Amino acid sequence: MTTSMEKPSEPREPELGKPSGGPGKAAPAPSPRALTRARRRQAVVRFWQQYRTHRAGLVGLAVLAVIALLALTAPLLVGAGSQSVTDAPGGPMEAPSGEFPLGTDQFGRSLLALMLWGTRVSLTVGLLAAFLSVAIGTLVGITAGHFKGWYATVVMRVTDWFLVMPTLVLAIALATVLSRSVWTTILAIGVTTWPTTARLVRAQTLSVESRPYIERSRALGGGHGHIMSRHVLPNVMPLVLAQTTLVISTAILTEATLAFLGLSDPTIVSWGGLLQDAREAGAVSSGNWWYLAPPGLAIAVVALAFTLCGRAIESVLNPKLGVSR
Amino acid sequence: MVTRVPHRSLRPRRRLRLLLASGAAALALAAGSVVPGNPLAPAPTEARADDGTTTLTVAVAQSVDSLSPFLAQRLVSTSIHRLMYDYLTNYDAKDNKAIPGLATAWEPSADKLTWTYTIRSDSTWSDGRQATAEDAAWTFNTMMTDEGAATSNGSFVGNFEEVTAPSKDKLVIKLKKPQATMTALDVPIVPKHIWEKAGDFSKFNNDKDFPIVGNGPFILTDYKVDSYVKLKANKDFWRGSPKFDELVFRYYKDQDAAVAALRKGEVSFVAGSPSLTPAQSASLENAPDIKVNDAPGRRFFALAVNPGARTKDGQKFGDGHPALLDQKVRHALFMAVDRKTIIDKVFQGHAVEGEGYIPPRFGDYFWKPSDGQKLAHDPAKASALLDEAGYRKNSAGKRVGKDGKPLDFRILCHATDPNDKAIGKYLQEWWGDQGIGLKVDCLDNVSDPWYAGEYDLAFDGWSVNPDPDFVLSIHTCAALPAKAKETAATDNFICDKRYDELYKKQLAEYDPAKRADLVKQLESRLYDTGYMNVMAYPNAVEAYRTDHIASITTMPSAAGNIYGQDGYWSWWSAVPAAGASSSGSSDSGSSSTGVLVGIGIAVVVLAGGGLLFAMRRRSTAEDRE
């Protein structure tokens, strides 16, 4: 992949930037902090204006907003008791009806309520695992790109090794060894999906570090930490942001896969867990489609929404991907 | 800065199309797998092939651990051994009484220490040699002298002093102490002339030279690990040849796949081990040409409590919760369990509420707690007991001990058993109401923490044989491991003096009525300790195609199971159906609506995806040159 990516916002040299639309000579020169704030606000506005032109991205965002709202309000919408097996209101495996729009599971709990609760787990695990993965990837990528030499060689060979290992196999191995909980799932996904991010970030780091102002900063006495955190990191952030949104959908899918394979905490309701429950209850061979289809579709919709958003962000931030200006 | 300009917007679009295509493919696959009896499947295979040989195919979920009778412990393997080799005695399919097998008659001496068996003369090995007392003596002697050969059935010969074969038709077994199980020696007798050359018994799996020489109703002709076991009928079997020419055990890891195969007619029988789920049996009951056999099972399903793991010489190990050493806590835990709800909700009626240790199917030994003794479901009483034991609720509603630590337990559950997980959910809520925390530890391999004593509670279950000696022996002190964390015969480290005394008494008692009485006392003692709390006796729920199998014997014959019997009755007696149906009649109305629904969903999603794609095209159209 070609490494030269350009970031719309300028490198951090605030003293050279002019406050656009500033009041002019009358007022005293605004402080550098205010200038930075104004510039950032502008960048956000510009980003949003460009994002708005991507209809798919907007659809994805709207879908995500609705789902996030449902997840947050689940306790109000369906009540905390809806996960209880002892006060389950319905009979086992009821078909959809007025009372239970998506039918019931083998305990007689409303599947719609379980779906809503599952949203929380799937989103939480997806987000946290994606952040963990991207954090590891960014750390490895920036340090490998910055230090070069034997360190980079070793780290990148490790990355390559993780890259060629099938993610799912590695995650299954991890989830089997560790005790079953949500955190295990997050860890298993996080530590197995970072290599792509690491490679991307390293490439961007190399390109950023070849710019003259880095050399200037170094000449002025900037140390490794300063260069990496103050100059390289802000410049790879857009890439990292886009990557995160894309990794989330992978993480949600992997979480569902692990839960479906019975490798997550069985007492927690998640979409993948619902599919696993359905399989174990024999919903597949008895044709109870209402038990299987909704969690599957929900996973697909959320993954799709995150992908749409990620693509849109990517094309806004990366001019090479062909975006109308 | 110089940047090269790539082809614009090609990549995202191709990606999107790929995404849509793969989504559609996934949906089609899902629809195909959701829908039973799907029309794309191959035509059903028939029980009767073109050349007139009849094959009975059985779908099993368990993989074979070993084909060597000295090593095999799993139900599937021991069931196959029942077919391959004859045992000294067999159990009557009607009432589980001992009837002749390889031995035609047997008799204890007056001092109860010498048993003489008469071996039949009309049993021959499949290579033509006669099966004699010499083979039986060699089998027992090998188990007594070679530790590797004692792995699976060593418990039967532990009390043997000497086994000899004075003549071809006489087998004499001398005992150290009287043993009541001498007519229930579930040991396959193997041909000496073949097995002498086997070498190391702890490594020999008996799966190299096919067909394997045997003298049972079937002869094993082929075996592939986790794939199938093939047997052919032994036409010379002394009780008469089986009616089916071939018997195939085919391995299906997924029960749903096995049920789908049964619907399509690819298999004739789905083993009820694990049982079919309530949803599966309900849907199969309405299917044509399929009979669901829902019979009282021979298993119990219990809540086992770790009584503090220890070795034979009293060395403690493991990390069982100390609160469970208090009988009151154990009783309180079980009193908070609503067994009726478990039967109604988890088993959905396909089980019987638990009472004593031995299932009611074995009427002679079945025992019920008396009214005063019974730990009935009573949450209020459970709370009182816990208070009495010193675990009071704190302000947050959690029970804490005198040391201020909250009462939190772990329960070991088999990740492969849906019932364990389901009941775990109920226990969490019932015990949560009592202020007790519960962590459900579901593992694929529970053996490691189990043998290490690293659990508080566990879901436990055993198949009970017509002679209850084995399931009783696993709770004696003698069964405890010699070294910490070592594999041992013990079930969950119970060692109780009174229990052991009663156990020894029943083993030495040759009078059936008196022995049954002692066994009941044993069960009563076990019940009172609160270490093994039987919640249910699950039914054996299995199904077969009536257009493949005309009739089959259950055991007990009135209402019993077919797979995993104590004998070869089911497969030996199975009669092929006269004319196996030729068309795919298994497509019922409900499944075709399933097809329609599946296709409908696929169409809707495809349409939605298409719309999205079109919009995407439109939005990029302005950008294109």
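**View 1. Contact between domain 2 and domain 3 of chain B in a predicted model.** Here 26 residues of domain 2 of chain B are in contact (C-beta atoms, placed from the backbone, within 7 Å) with 24 residues of domain 3 of chain B. The C-alpha centres of these two domains lie 27 Å apart. On the domain 2 side, E8(B) gives the largest share, six residues. That side divides into 15 nonpolar, seven polar and four charged residues. Nonpolar here means Ala, Val, Leu, Ile, Met, Phe, Trp, Tyr, Cys and Pro; charged means Asp, Glu, Lys and Arg; the others, Gly among them, are polar. Strands (E) are DSSP runs of at least two residues and helices (H or I) of at least four, numbered from the N terminus.

**View 2. The largest nonpolar core.** Its members number 86, and Ala59(B), Ala136(B), Leu262(B) and Val270(B) touch the most other members. Helix H3 (residues 133-145) of chain B provides the largest share, six residues. Domain 2 (46-57 + 217-296 + 540-586) and domain 3 (62-210) of chain B both contribute residues, so the core lies between them. Domain bounds come from an automatic or database domain assignment. A nonpolar core joins buried Ala, Val, Leu, Ile, Met, Phe, Trp, Tyr and Cys residues through C-beta atoms within 7 Å; buried means 20 or more other C-beta atoms within 10 Å of a residue's own.

**View 3. Surroundings of Ala59(B).** Neighbours within four places in sequence are left aside. The contacts of Ala59(B) include Arg250(B), Tyr252(B), Leu262(B) and Phe269(B).

Residues are numbered from 1 along each chain as its sequence is written, and chains are lettered from A in the order in which they are written. In this predicted model, local features need pLDDT of at least 70, side-chain atom pairs count only at pLDDT 80 or more, and totals for chains, interfaces and linings use all residues.

How values were computed. Buried ≥ 20, exposed ≤ 12 C-beta atoms within 10 Å, placed from the backbone. Contact = placed C-beta atoms within 7 Å.
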